[in-house]
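I opened my notebook today to look around a protein model and write down what I found. Here are my entries, in the order I made them.

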Amino acid sequence: MKTIDKMIIRGFIPPFIVTFFIALFVLTMQFLWVWVDELVGKGVGVLIILELLFYLLLSFFPIAFPIAVLLSSVMLMGGYAERYELSSMTSAGISLMRIMRPLVIMASLIGVLSFACSNFLWPVANLKYRSRLLDIKNQRPTLSIQKGVFNHDFTGFVIKVTDKAKDDRNVSGIMIYDNQKQLDKLNLITAKKGEMYTEAAEGLFVIKMYDGHQYQEVASQGGSNASYPFVRTNFKEYTKIFDMSQFDFTQTDPNLYKTHQTMLSIPQLATAVDSIDARMRTASSLMMASATSTLKTKMSSNYTSFDQGRNNIDRQYFPSVDTSEQYLKRIGRIQKNLQKDNSNIKSTSSVGKEAISTPAIKINSITAKDLLKAPTIQNGTPLISQVNEKYKLASLSYSVSLAKSAQSTIELQNNIYDAENESRIRHIFEMNVKFAFAAICIVFLFIGAPMGAIVRKGGFGYPLLVAILFYMVYQVLYTAMKKSADSQVVAAWAAPWIPVFVMGVFGFVLTRRAMSDSNLNLDNVTKLFVTFFNKVSESYYQLIDFVLKKFDRTSR
């Protein structure tokens, strides 16, 4: 039995290594196809590109491990079945599960390695790779002035040369359009000939022009009907200098992105989730506390703000009502009360030798007793019907103002709560993804090995087709669950595990079928597809022939 285990392990490791690097190559090519426009023509050094690809390869490790396990297990067991070695082992009384035991151990070790890469290597690789990608994306293309082409490399300038000499220095038909200050005003420089070169030490690009003109449209200093002067300047020699520092490659500080969920390990993600929970509790408590504070602030100061709003509304809607007499009576009552209590005297003014005491009077001041018809609020009766008629309109307006203020406060805190909740979902999803990627390595073994035994085909042909088919199913499920978690349709912790569970069901069914020594007749499947495509092709040609005959009759 140990000999069989060693044989299986030795047969598994070489295709696993080959398929692992093939998966890394395919994933890298997928990245390059997407970002090739951002990488080409930027003048970035080869070392920077290699550094980007190195970090990119490291970030693909957790994704490449399951693909390699699936493909290599199909190849191994398919080869054994095709050469009847698997039938010989089962005939000797060795069950399929016993044959797969060393593969399960290998897949478990690969799963542990995948988790280690996801938890320790993936965050660092993602941080470095994304910061380098951002550096290259922000890098401006290398300066390249070609003849007959408008060049926009320098910010605010458009440069064109009609012809260039072989030395790439002497040029003719120069045109420089300057729009960095006023987009609607003409500022154009033309010259018959000149030369252009770079001063590498100073980081400057120089265009020296001869026998040219400068056309400028000057802004008017007058009114709307003023004229706009146009200035034309002739020159024998004119030198235009451009700063080349904007083409220099600058590296972004990676620490700016280290708080992103894909840049964190499991302990860091757990700490981040705890911090997010604390902020969500704070936002939830502030949601009502802020609204209550707003109401208390606006209802304080003995209804002064309310009374000022009432006076404004009274003057707006009831201009014929004169309230000055009512105010004078109230002022008189307040003055009598203040004279009885010397402690309420706020200010004293002296004229000559006499001291005259002047009480500080609050003119606009009402109380709850003035606001309501009855001394107390009646339960079961609408509050607005208990307000005095002259205060009713002001009460409604002020209530609306308070409600809008409280609503804006609650909406602000609610937006903060929603943003924190979305961040929490992403962090929890990322935490579970690290475990799910490790578990799918074992699940894919129970799909690949039985499928190889059923298909009974080795090599790269059918195993590659089977691996692509099942991995596409898993990837579609994974993407759908990720979107569902972001939309809060599926719990964030469950979303990464649902594809694993679905693929586990496939693995269970295939393993049961392989243990019952079932096989899949690929010849019949091939014949079915060939027959289908022949029918489709025949129908297509019949349709083309019918259309051509109709067209021929119409033309006649």
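**Entry 1: contacts along the chain.** I began with contacts in this predicted model. Among contacts in the protein chain with a separation of 6 or more, 69% join residues 24 or more positions apart.

**Entry 2: the overall count.** Next I looked up the secondary structure, and I noted 13 helices and seven strands in the protein chain. The chain has 556 residues, and 37% of them are buried.

**Entry 3: the largest pocket.** I then turned to empty space. Rolling a probe the size of a water molecule over the atoms shows where empty space is left. How big is the volume of the largest pocket? I found about 1400 Å³. Its lining is made of 43 residues, and those closest to the pocket centre are Leu-27, Gln-30, Phe-60, Ile-63 and Gln-475. I also listed the elements that give two or more residues to this lining: H1 (2–39), H2 (46–59), H3 (61–82), H5 (96–138), H10 (389–455) and H11 (461–486), each of them a helix. Which element gives the largest share of the lining? My note says H11, with 13 residues. Sorting the lining by class, I got 28 nonpolar, nine polar and six charged residues.

**Entry 4: a pair of strands.** I picked strand E1 (residues 157–164) and strand E2 (residues 170–178), which pair in the antiparallel sense over seven bridges. To follow the pairing by eye, I went to Phe-157 and found Asp-178 of E2 opposite. Between the two strands of this hairpin there are five residues, and Asp-168 takes a positive phi near 60°.

**Entry 5: one glycine.** My last stop was Gly-507, which I found in helix H12 (residues 497–515). Is Gly-507 buried or exposed? Its relative accessible area is 3%, so I put Gly-507 down as buried, the cut-off being under 20%. I then asked which residues Gly-507 is in contact with, leaving aside neighbours within four places in sequence. The answer is Phe-446 and Ile-447. Phe-446 is 61 residues away from Gly-507 along the chain, yet their C-alpha atoms are separated by 4.9 Å.

Key:
Residues numbered from 1 in each chain as written. Predicted model: local features only at pLDDT ≥ 70, side-chain atom pairs only at ≥ 80, totals over all residues. Heavy atoms only, no water. 1 Å grid on protein atoms, 1.4 Å probe; cavity = no way out; pocket = protein on both sides within 12 Å on 5 of 7 lines; lining within 4 Å. Points joined across faces, edges and corners; volume = space filled by probe spheres on them. Helix = DSSP H or I, 4+ residues; strand = E, 2+ residues; numbered from the N terminus. Nonpolar A, V, L, I, M, F, W, Y, C, P; charged D, E, K, R; others polar. Buried < 20%, exposed > 50% of the residue type's maximum accessible area, 1.4 Å probe, protein only. Contact = heavy atoms within 4.5 Å. Pairing = 2+ DSSP bridges.
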